[in-house]
Amino acid sequence: PSLRDLGHSSPFMHNGQFDRIEDVLEFYREASDLARNGKLRNGASQLRGIALRPTDLLPLAAFLHSLNEDYQ
């Protein structure tokens, strides 16, 4: 699926546990840190390739929100 209108498609994740894009990004930041440090049990190997800093989250969330259509 496309990233367009991602902000209008909550809840997020396979079980709907997050209502905000920012929470999803924080989840992946934390999970990828644990995976790179060998502290994430049964984590997907792709998580080790994600390297987000806390300062990356707001700009990335702003970009994802910018892809939303303006519905009236």
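Start by selecting E26 and R29: the two form a salt bridge, with the closest N and O atoms 2.8 Å apart. The model is predicted. Both residues lie in helix α1, 3 residues apart, or about one turn of the helix. R29 is buried at a relative accessible area of 14%, while E26 is partly exposed at 24%.

Next, select R4 and E69. Their salt bridge has its closest N and O atoms 3.6 Å apart. R4 lies in the segment before α1 and E69 in the segment after α2 (54-66), so the pair ties together parts that are 65 residues apart in sequence. R4 is partly exposed, with a relative accessible area of 49%, and E69 is also partly exposed, at 36%.

What does the side chain of D5 meet at E69? One of its polar atoms lies 2.6 Å from the backbone nitrogen of E69. D5 is buried yet has no salt bridge; R4, the nearest side chain of opposite charge, is 6.0 Å away.

Then go to D56 and R53, a salt bridge with closest N and O atoms 3.1 Å apart. R53 is exposed, with a relative accessible area of 53%.

Finally, show the whole chain. The structure holds 7 salt bridges. The protein has 2 helices and 0 strands, and its C-alpha trace spans about 45 × 25 × 20 Å along the principal axes. Of its 72 residues, 24% count as buried. The mean positions of the 8 positive and 10 negative charges are 13 Å apart.

How values were computed
Residues are numbered from 1 along each chain as its sequence is written. This is a predicted model: local features need pLDDT of at least 70, side-chain atom pairs count only at pLDDT 80 or more; totals for chains, interfaces and linings use all residues. Side-chain values use heavy atoms; hydrogens and water are left out. Helices (H or I, at least four residues) and strands (E, at least two) are DSSP runs, numbered from the N terminus. Buried means under 20% relative accessible area, exposed over 50%, partly exposed in between (1.4 Å probe, protein chains only). Lys and Arg count as positive and Asp and Glu as negative; His and the chain ends are not counted. The place of a charge is taken as NZ of Lys, CZ of Arg, CG of Asp or CD of Glu. A salt bridge is a side-chain nitrogen of Lys or Arg within 4 Å of a carboxyl oxygen of Asp or Glu. A polar contact is a pair of N or O atoms within 3.5 Å; within protein, one must be able to donate a hydrogen and the other to accept it, and residues adjacent in sequence count only if both atoms are side-chain atoms.
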